[in-house]
Amino acid sequence: MPSISPAVLGSAVYTVTDSRGLVADLRLDVVPTSPYAGFQVRFPAAAAGVTATLRRGGVDLDLPVTDGTYSFPAIFTGPSRRIDVIVSTNGPETVLDCEIRATPTAVADEVWSVRARADDPQTWQFTQVNDIGGDPTITRLLCDPVSGFTISAPTLSGGAVREKDTVTLTAAAATGTAAAPTYVGTAPTASYRWTKTGFVPITAFPACSASQTMTFAAPGVYGARTIGIAQEVWFETGCGTVGFLNASAPAQNLTIAPRPQHLALVLDRSGSMAAGSRWQHATTAAQVMANLFIAMRSGVEPADRITELVFEDATCSWHALPISPQITPVLPLSNLAAADGLVCGTNFGSPGACTPIGDGLIKAIDDLGALGVADNPHFTIVLLTDGYENSGTVVVDPNTVVPAAVQRYQVARQAGIVRQNVNSRLSLYTIGVGATVQQDVLDALATQAGGSYRLVAGVDEVEVVTAMTAMASMSQAAETREPDPFAANSPRVVKIESGVNRLAVAVLGTAEGDVIELARRPAGSGSFTPVAATVKKCGSHDFVWVDVAKLFGGDETAVPALDWQITRRSGGTVQSIADEHLLVFVDLFVRTDVVFDRDHYDTGDPIVLTARLRAGDQPVTGASVTVELARPGESLGTYLATNSGNYKPGRPQRPDPHSPKAQMLAHLLHTHDLPDLPIVTPSGFFQDGSDLLYDDGAHDDGQADDGNYANRYLDTDKEGTYTWRVTIEASLPDGSDIRRVLTLSRWVGISVAPQNSPILTAAPIKFETVLRTAVTVVPADAKKELLGPFRAGDVRFAVRDGNFQTGEAQPNPDGVEYPRTDGGVLLSRYDGGYTRIVECPIGGSATVTVTVKGIELPPVVVGEPGTAGGGCLPGCLPGLVGVLLGKLLRLLRRLLRRP
């Protein structure tokens with residue numbers, strides 16, 4: 001535990017203990033006559049490897065550390081300085097005395113630095129010489145930082161954690177304590193670096209930052225695996241270079257053990273899923289994912305369970321409990337042996353009713369919760385939906401208008417100890433299929449629960465299956481592998497690296513009489529040897545997997561790099577397998593993760609995309625990482641608001657009516673003859689003009705050649721989903737080659753700019769004893785992209801010296817009225833404005849403050865005519881007369897529609 005005493009500036013003598021080095025920053029009055037400026041360093045005479053350096057203006061002078069008298073009469077640039085050094089042995093100590101003389105001109109407050117270092121921790125004494133003018137000559141003193149760290153995790157016991165747990169490493173403060181600091185004067189910056197050893201790949205390592213803490217997810221394992229974790233810390237130079245003053249903590253071992261994995265696949269079976277082949281593709285994807293989970297987990301943990309649920313609601317309304325009986329498991333919670341025989345025969349039913357997304361998720365949580373947590377399981381939910389929620393007892397979108405009896409998902413998921421147990425151990429993955437899905441909600445659901453979000457704009461089988469299996473891959477630490485180039489009427493070959501434990505293959509589009517065969521050979525040469533494996537016939541696809549480690553004695557560390565041949569035969573004749581119909585998965589040894597630098601983005605926020613490549617302990621360097629981007633060409637909110645025109649919602653159409661926002665979007669797309677909002681696929685879109693990720697230390701990737709490839713994207717100028725397709729091609733340390741393609745999505749919302757978000761007020765209207773004023777905000781970002789309608793959860797009005805008009809929400813031809821907790825309503829206008837009616841006494845005024853997405857806008861004052869700020873909205877009827885007339889017209893319409 002290195003430290004400095006005393007712990008404050010102003011002392012003539014400092015003692016540094018248990019440190020290999022020290023740095024003293026000095027401010028000296030350098031003069032040509034005695035007494036001269038100087039300092040003294042004492043250290044044990046027996047200390048090995050001692051060096052000392054005097055620095056000024058970027059020039060270093062190595063000082064002698066052996067007995068003798070030395071003079072350096074003309075060194076350093078600028079004014080010449082003479083340095084005299086006397087080194088002597090005084091009993092068990094070596095004493096280095098240094099004088100600094102000006103030749104000939106005196107200079108006050110000249111900056112110098114002294115560095116001393118030994119091979120091993122020592123006790124040092126640093127002394128001021130000539131405290132000229134009463135100012136301390138020592139402005140800062142540093143010694144080695146404190147090292148050491150602790151490991152914590154919810155499942156940590158006896159030096160072991162369970163897979164899927166979040167492990168936190170916490171370093172001791174490098175600067176020590178107040179009583180025993182490692183610095184005196186200005187606090188230095190510290191960098192903490194973490195490394196690991198052990199066969200299990202964890203892409204979070206190596207890591208370096210200024211934070212004392214680091215977290216990582218314990219990866220999936222097939223048995224207990226031990227890793228070693230080491231920590232290093234240094235001062236001042238940042239993560240690029242290890243600083244002069246540094247320390248290393250002794251490595252600590254951590255064992256990662258299997259834990260029960262409980263997986264629920266939650267499928268939207270609402271009426272909209274009947275469009276085209278959407279439902280067939282979704283059920284095929286669910287079967288492939290279930291088969292993959294079984295393949296990767298068989299024989300690992302007997303308590304593993306899997307279930308598949310469908311959700312729909314025939315009431316097509318928001319209502320109190322109970323949930324719809326149509327939300328039900330089609331594959332009951334089963335152990336893997338039982339599920340293996342059930343997956344391909346699962347009857348998913350036919351789509352037909354409404355979309356209760358919240359109820360589907362809560363049902364899955366409740367079913368998983370019934371398993372209990374005595375064995376500390378990890379829970380995973382994968383949700384696939386193609387629409388906006390429009391019914392149920394639990395609502396996932398804070399902007400959806402629902403009765404008071406309906407629960408919010410954020411509350412419902414933690415109601416009671418059983419749900420809390422699941423929620424605290426849950427990873428949630430979401431997939432949106434098609435043009436009209438709640439993209440922002442699906443992104444938030446996933447990122448808030450440690451999962452990932454994927455938007456599948458198209459609805460063909462391959463896209464849906466690939467998205468579903470990608471979620472399985474991420475949740476179960478599996479990796480996809482790309483086959484060698486396609487050749488007609490020939491077997492396919494896939495190159496697999498060493499260390500692989502499991503291999504799984506899905507072949508889509510197979511027929512009943514098809515036969516799938518597997519064979520292997522050493523990488524790159526030799527003949528193929530058939531490998532016996534059971535092929536599952538699942539109607540739309542065939543699935544087969546192999547315990548590769550078992551072929552090599554059950555030890556994945558003994559598995560060499562292999563070529564695998566996949567042959568499809570029909571009637572004995574080899575058939576082609578197209579690239580898009582072949583899915584190959586491996587696990588464990590090589591890991592490629594693609595991550596974003598934050599969980600949430602708004603317009604104008606840069607996005608740093610990072611691909612982390614590891615092969616066991618080793619970073620994978622020299623890889624080619626190419627990125628394709630599909631980004632919105634038009635902001636969703638802007639499109640809705642600017643095209644609202646004379647929009648009036650029609651009657652909802654069964655069997656799966658759109659929510660108000662989905663109805664407006666679908667109507668406008670149909671009006672403009674568009675299948676979806678414009679999607680742009682730019683090239684050279686990163687900040688540096690490329691479409692590549694780099695591991696060169698210059699592209700937000702950390703240190704060069706650490707296996708982290710990154711780049712920065714700046715053009716987040718439209719609201720919507722940004723989907724990234726990352727292709728990785730690399731040569732591994734064992735000489736084998738890999739190619740992997742990963743696709744992830746991330747929602748970008750609107751960043752509110754006060755200067756572009758006007759608050760408009762209508763002329764106040766007298767009503768009995770009060771004045772009523774309509775106050776409207778039109779939120780927009782720095783480039784005037786609109787927040788748009790149906791975002792009432794992002795808009796907050798507050799009033800001082802007045803009140804909001806109260807009343808129940810009513811159908812409104814200009815938008816949707818959202819009830820507020822104060823008893824009034826907020827009108828979300830189709831044109832992107834948000835309106836509240838403010839009341840204040842006649843003759844008085846009130847101050848209204850609007851906050852949008854946490855940004856407070858400049859307040860406005862409303863009151864008597866002539867005192868109100870802003871102006872009437874274009875096309876609005878003035879004041880209360882317009883409000884009353886509008887209500888009268890709506891009443892007449894309802895009367896005319898009655899039989």
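Colleague: Which residue in S34 does Arg502 stand opposite?

Modeller: Arg502 stands opposite Asp547 in S34. This is a predicted model, where local features need pLDDT of at least 70, side-chain atom pairs count only at pLDDT 80 or more, and totals for chains, interfaces and linings use all residues. Residues are numbered from 1 along each chain as its sequence is written, and side-chain values use heavy atoms, with hydrogens and water left out.

Colleague: How many bridges join S30 to S34?

Modeller: S30 and S34 (residues 541–547) run antiparallel and are joined by 7 bridges. Strands here are DSSP runs of E, at least two residues, and helices are runs of H or I, at least four residues, numbered from the N terminus. Two strands pair if DSSP finds at least two bridges between them.

Colleague: And what about S30 and S37, how many bridges there?

Modeller: S30 pairs with S37 (residues 582–587) over 5 bridges, in the antiparallel sense. Leu503 has Val586 as its bridge partner in S37.

Colleague: Why is S30 called largely enclosed?

Modeller: Because 7 of the 7 residues of S30 (residues 502–508) are buried. Buried means under 20% relative accessible area, with exposed over 50% and partly exposed in between, using a 1.4 Å probe and protein chains only. Arg502, Ala504, Ala506 and Leu508 cover one side, and Leu503, Val505 and Val507 the other.

Colleague: Switching to helices. How many residues of H3 are buried?

Modeller: 11 of the 13, so H3 is largely enclosed by the rest of the structure. Among them are Ile357, Asp359, Leu361 and Asp367.

Colleague: What span does H3 reach?

Modeller: H3 (residues 357–369) reaches 18 Å from its first C-alpha to its last, close to the 18 Å expected at 1.5 Å a residue. The expected span is 1.5 Å times one less than the number of residues.

Colleague: Next, the largest nonpolar core. How many residues has it?

Modeller: The largest nonpolar core has 45 residues, and those with the most contacts inside it include Leu267, Leu384 and Met468. Helix H1 (residues 278–297) gives the most to this core, with 12 residues. Such a core is a set of buried Ala, Val, Leu, Ile, Met, Phe, Trp, Tyr and Cys residues joined through side-chain atoms within 4.5 Å.

Colleague: What is Leu384 in contact with?

Modeller: Leaving aside neighbours within four places in sequence, the contacts of Leu384 include Val266, Asp268, Phe311, Ile431 and Val464. Contact means heavy atoms within 4.5 Å.
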